[in-house]
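Here is a quick tour for anyone opening this structure for the first time. Have a look around, then read on for the highlights.

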Amino acid sequence: MATTELSFLSQVFLSLCITYVCIATHVHQFEVDLRHLTQSVEYKKAIRSRRDLADAACQRQESSFLQEVNSGKVKLEQKHSFGNESYYSLALAWCGNNGDLLVVITQEGNGIVSPSKIFQSPNYGAKFDDVTNRLGGVPRILRHNGVFRNPHNTRKVYLVDVGDKYGSSLYVTEDGGDTFFKFALPFQLTGDITFYPRKEHEDYLLASSAILSTKISGDHLMTLYASFNNGRTWKKVDSYIQNYKWGTEEDDPQTVYATIDLEKTHPFLASFVSVHYVLQKYVYKKDGALVKRTKILEHVVSFGHQDKFLYASVYSEQVRGNRLMKISADLGKSWNTAQLPTITGDRFYSVLDMNEKLVFMHVDNPGDTGHGTLYTSGVWGLVYSESLQKHLYPNYGEVTDFYRVESMRGVYITSQMSEDDSIHSMITYNRGATWQPLPRPQGAMCKDEKKPCHLQIHGTYSIQRGVSASLPLSSKSAPGIVLVHGHVADALQTTQPDVYVTSDGGYSWAKALDGPHMYQIADSGALLVAISTSDPQPTVIKFSVDEGRCWHEYKFIQNASEAIILTGLLTEPENRAMVVGVWGYHPTNKTWTVFAIDFAKAIPRKCGRDDYEVWKPHFELRKAEQAGVGGCLLGLREEFMRIKKDNWCTNGYNYTIEKKATECICTREDYECDYGFLRETGSDICKEDRAFRKPQIDICLRGHEEQIVTEGYRKIPGDKCKGGFSPTGRQIDMTIQCSENSKELVIEEVSFQETKSKSNGSVVAAVLIIVVLLVVVMGVFLVHKFIVLRRHRVVYRYSLLNQNDADRYDNEFETAISAASGTVYHDSDDDEELNSPAVKKDKRSYGLTNGIKKESHGTHVKSYHDDSDVDMLE
């Protein structure tokens, strides 16, 4: 009886507990919902108050400064049409000491090479003169790699003519198009002109001519030429070259590095057999005479350099098919192996950036996942630390959302995969030491307030997948300002994005414009301009003079019959002028037209000293951390002078950014976790990674006896802090020399195909040659277009404009693919990538210039969530 009563009481007690838990859960959920509702109401009130203040400021600007413009008394635009002829394509180069001079090249036909005309504008495109006769004949400028501007001298422009069967011709102007000199090239130029990286040798040029390539990548088997007198004469460097670069900053100026196939493999065979390249160093005299040719490394896959460091991916001599990354700090005399956690399987790595005294390197995860791990290097480029896991990098081409913000030191933006394989944006303010989601913009509402809502930014991957967006935009001349396309959600969406702007380098964002736009920065950030791309024939341009808070509209086309198909919104490359060019062509007569809009007429006053105020970047981020570090980033506290938001004035073209910097004391924020250590989320303490395989560090330094600190921290490369936090700990004696097949080395194991013997290889090659010849004959034009568009780098010129209504976003796509690099060099085999399982699962086509369709090889990862949270997964 007692047992029965006890059992009954136990059941009652259990029922009461369950009831209590249920009630508590519902009460908690009610509290959460109420809190969200209260926060939402308060948030809306606060936003409404700020919006009212902003609207009042915008109305003051309209009434105080834009009355004459709005009334039509002041006309900002000048229109120019390129004659009565229907030119098929157009390209331009910016010239002149003040960025006001343009050289434009048009082509009459739709072939790869057609008769061209040359135009010159002395006033940002308001008026053009036909200067074709200055070239002394009828030029036929190459369409895709026919126009180059010297990055060190704005008045030097190079036009590549198809020439004859013996070689191309080079038209060179050194005065912005006033006069041209014609030089015969002893080769057919098929690649880009590569300029020397420093101004003191601006007349040093490299150019290449393809031998014959059957690889879609277009980067095999070239003959390389060098000129040391601005293209007047050329010296042959070598043949059967895969890749090439000018020397490092510590080399003699006349130094060239190149990877070469010493076996001189036949062009057809190079596509089907494994070719191992040798990295060679060429040193010349100023007159072009070769002094010395040195072989410095064998079995090279790819290479690059930064400052005094050479980086090369090489095949392991011990394990066939494995790859190592080697680094040299003594101009190739000795090489050390970079240290990273062991990687295995079908993987690759890509060096994404080397601009800020450290290396960002992506290491692919196994299994064609479309993501990997992002690492940052130490100051010597040998030891790497994990920076960001599940970093998005689809397994095709050089498509990555990794973006360095030019307007703010140490700031990068990229995309990361979530556990459910959706994509979200991440930002770092300290060169990859820590990453966090982008903050929620002011006034932005989220569809589901219960989910974490942040700003999600569209990059190259989004554009490649068909989203109507422009790449993020920033400029060195406009500190703190970044324009992006995005939306507020827990992951990237496929709906039409809006334009967001930040004026403090990414710490706070505000929605600027509804829907997709083309946008540009002008007047060193004091002027922002945008045109909606929702209408293919827009008549209105929008502009802001207060960092995107207030936007005003100006109707530059009064008569609808004059509306053009929009193909580009351009400012001069330095983003310092006040004139903006709206480019397009008339839908009926196909005549190219430019509207040059001079905003100096709307903002005529030059700013004085009292119009500026001090701006302190990063100041709020570390203000509460400890005394003396407020506003410190990487050891420096900076201050900039910027125009006050309510002052209607202009910086002017010759404006010089005024700033000052002071050193800070060191804290843990100035250190990143060392090799084999990691930070837990929300913590600045580096702890040992228990999952990491021992030994933690095993660096081979060619027999040198070295000691290395392993307390878990290392100072971020380029950090200028002094005193304060200084980690101490045990040291490891590194006298043990490591071997190439050590598991702690950077090893890339790739699928390896056995090379056939010479006799069998000849039979197979003969059959393949017949097949390839048929393919080449039938599709040479398409392949040529594919090669150029995939590898071409647009430098200080507008990409080819195309008269095709259906492909009005094509130029943005091409620009996105070229500007995405980002990628310094990419270590993978193109054939292997294009035939990977991930690629075969998703193939789509998107339009490119001239109606040529580029096949976009997808990945099996989920790309986005749309507004209904339904994954786009085929």
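A salt bridge here is a side-chain nitrogen of Lys or Arg within 4 Å of a carboxyl oxygen of Asp or Glu. By that rule, a search of the whole structure turns up 23 salt bridges. Keep in mind that this is a predicted model, where local features need pLDDT of at least 70, side-chain atom pairs count only at pLDDT 80 or more, and totals for chains, interfaces and linings use all residues. Residues are numbered from 1 along each chain as its sequence is written, and side-chain values use heavy atoms, with hydrogens and water left out.

**Salt bridges**

- R155 pairs with D178, with 3.9 Å between the closest N and O atoms. This pair links distant parts of the chain, 23 residues apart: R155 is in the loop between β6 and β7, and D178 is in the loop between β8 and β9.
- Both ends get a label from relative accessible area (buried is under 20%, exposed is over 50%, partly exposed is in between, using a 1.4 Å probe and protein chains only). R155 counts as partly exposed at 22%, and D178 is partly exposed at 38%.
- K511 and D498 meet in a salt bridge at 3.4 Å, N to O. K511 lies in strand β32 (residues 510–513) and D498 in strand β31 (residues 498–502), so the pair ties together parts 13 residues apart in sequence.
- K511 is partly exposed at 39%, whereas D498 is buried at 16%.
- R605 and D611 form another salt bridge, their closest N and O atoms 2.9 Å apart. D611 is buried, with a relative accessible area of 8%.

**A four-stranded sheet**

- Helices (H or I, at least four residues) and strands (E, at least two) are DSSP runs, numbered from the N terminus. Two strands pair if DSSP finds at least two bridges between them.
- Four strands make an open sheet in the order β6-β7-β8-β9, with antiparallel pairing. Its edge strands, each pairing on one side only, are β6 (147–149) and β9 (181–184).
- Strand β7 (residues 157–164) is joined to β8 by six bridges. One of the residues involved is D161, whose bridge partner in β8 is S169.

**Zooming in on S168**

- S168 sits in strand β8 (residues 167–173). With 1% relative accessibility, S168 counts as buried.
- Contact means heavy atoms within 4.5 Å. Beyond its neighbours within four places in sequence, S168 touches residues including V160, G163, F183 and L189.
- A polar atom of the S168 side chain lies 2.9 Å from the backbone nitrogen of L189.
- S168 and A184 are 16 residues apart along the chain, and their C-alpha atoms are separated by 6.4 Å.

**Disulfides**

- With a disulfide taken as a pair of cysteine sulfur atoms within 2.5 Å, the count comes to five.
- C446 is joined to C453, S to S 1.6 Å, and the link is left-handed, with -55 degrees about the S-S bond.
- C666 and C721 also form a disulfide. Its torsion about the S-S bond is about 95 degrees, so the link is right-handed.

Methods
Polar contact = N/O pair within 3.5 Å; in protein donor to acceptor, adjacent residues only side chain to side chain.
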